[in-house]
Amino acid sequence: LQQWESVIPLYFGWFLNEADSRMLKLVSLAHLEECLKIPEFEQDFKNFTHTSDMKDMLEYYLMPESCKEGMLHCTSKFCSFGDVPGSLEYTTSKDVLEACGLCYKLCLVGFIITPRTFGARVKLGSKELILWGQENDCPESLDLPPNTSYGRPFLHNNNYQNPIVNQSNKGKPWFPHCQATLVSSEKLEPSFHPTSGKGSRAHVTLGCAEGVKAVTTGYDLCEVIECEESPEVTSRSRTFALERGWLRDYGKSRWVLYMNRQITVKSLFTGCY
Ligand code: ACK
């Protein structure tokens, strides 16, 4: 009988392929550019980024160290190679073992823009929520375990089960099934509290200010969710209508774009080792 030892990754998550990562980055910059048409936002953005022209503004956020090869992802569980409590249980759970190598749709409902981070907000569906292993509580401090090295998503080159694979994409290399970013045609009503409770911290880090770590996007999103849940804050917040949705100012340079059309992107669930 062969014995397998579990190798715990740095983190698990849903990964976009390279083409979709590039496309999402462009789409997100187009949204940022649209927000910059609102004078109040433009002024605040210029103040906190210390920039004045459009090129510098759009180049303010840099790809974080953990994402230097440019592939975007949504973390489902940060394990730090086993240092984080519950990592072994998560890694060896039936749900996770069965999910590795499968394709999932990620639904993006908005963007958060702060002096520290730029992120896309993910609304997890019931299938994805089963794999959500991050804490729900927002941490009090930013004391983080040191990340010594960053890995790469594990390439499943075995014959993994893929529910979306079909004849036309069969046999093509890596991410055969994840080829397009789809913007839904259906227009949504404004919802200023699109995610709450379990999984509401789910996000894709699109960029961070120089020296800021990707983990900060989750903390910024936590703050935003707290604002959304506070009637006192929401009553003071200003909302601006845009072609692509509604931009809200929660104060302290915390801006949120609630999109009127969601973006659905295909992703591959796996660990980054
Ligand atoms: O943008 P993210 O979700 O934030 O993706 C990266 C990924 O793991 C690799 O660094 C996230 N991350 C890093 N440290 C932590 C942590 N302590 N808790 C939760 N997520 C973390 C980071």
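This is a predicted model: local features need pLDDT of at least 70, side-chain atom pairs count only at pLDDT 80 or more; totals for chains, interfaces and linings use all residues.
Reader: Where should I look for the ligand's surroundings, and which residues are closest?

Author: The ligand is surrounded by 12 residues. The closest are His73, Thr75, His203, Thr205 and Val215.

Reader: What kinds of residues are those, by class?

Author: The shell around the ligand has 7 polar and 5 nonpolar residues, and no charged ones.

Reader: How far is the side chain of Thr205 from an oxygen atom of the ligand?

Author: An N or O atom in the Thr205 side chain is 2.5 Å from a ligand oxygen. Backbone atoms take part as well: a polar one of Val215 lies 3.3 Å from an oxygen atom of the ligand, and an N or O atom in the backbone of Ala214 is 3.5 Å from one.

Reader: How much of the ligand does the protein bury?

Author: The protein buries 91% of the 450 Å² that the ligand exposes when taken alone.

Reader: Which elements give two or more residues to the shell?

Author: Those are β2 (73–78) and β6 (203–208). Of the elements, β2 gives the most, with 3 residues.

Reader: Switching to aromatics. How many aromatic pairs are there?

Author: The count is 18 aromatic pairs. One of them joins Phe12 and Tyr90, with ring centres 5.2 Å apart and planes at 55°, so this pair is tilted.

Reader: Where do Phe12 and Tyr90 lie?

Author: Phe12 is in strand β1 (residues 11–15) and Tyr90 is in helix α4 (residues 87–91), so their pair ties together parts that are 78 residues apart in sequence.

Reader: Are they buried or exposed?

Author: Phe12 counts as buried because its relative accessibility is 1%, under the 20% limit. Tyr90 also counts as buried, at 10%.

Reader: Which residues do ring pairs link into a cluster?

Author: The cluster is made of Phe41, Phe45, Phe48, Tyr60, Tyr61, Phe111, Phe118, Phe240 and Trp255.

Reader: On to the arginines. What does Arg248 lie over?

Author: Arg248 lies over the face of Phe192, 3.9 Å from the ring centre.

Reader: And where is Arg254?

Author: Arg254 is in the loop between β8 (245–249) and β9 (255–272). With 12% relative accessibility, Arg254 counts as buried.

Reader: What does the side chain of Arg254 make a polar contact with?

Author: The partner is the side chain of Glu223, at 3.0 Å.

Note on methods:
Residues are numbered from 1 along each chain as its sequence is written. Side-chain values use heavy atoms; hydrogens and water are left out. Rings of Phe, Tyr and Trp (its six-membered ring) pair if their centres lie within 6.5 Å; planes under 30 degrees apart count as stacked, over 60 as edge-to-face and the rest as tilted. Helices (H or I, at least four residues) and strands (E, at least two) are DSSP runs, numbered from the N terminus. Buried means under 20% relative accessible area, exposed over 50%, partly exposed in between (1.4 Å probe, protein chains only). A charge sits over a ring if NZ of Lys or CZ of Arg is within 6 Å of the ring centre and within 35 degrees of the ring normal. A residue is near a molecule or strand if one of its heavy atoms lies within 4 Å of it. A polar contact is a pair of N or O atoms within 3.5 Å; within protein, one must be able to donate a hydrogen and the other to accept it, and residues adjacent in sequence count only if both atoms are side-chain atoms. Accessible areas come from the Shrake-Rupley method with a 1.4 Å probe; for residues, only the protein chains shown count as cover. Ala, Val, Leu, Ile, Met, Phe, Trp, Tyr, Cys and Pro count as nonpolar, Asp, Glu, Lys and Arg as charged, and the others, Gly among them, as polar.
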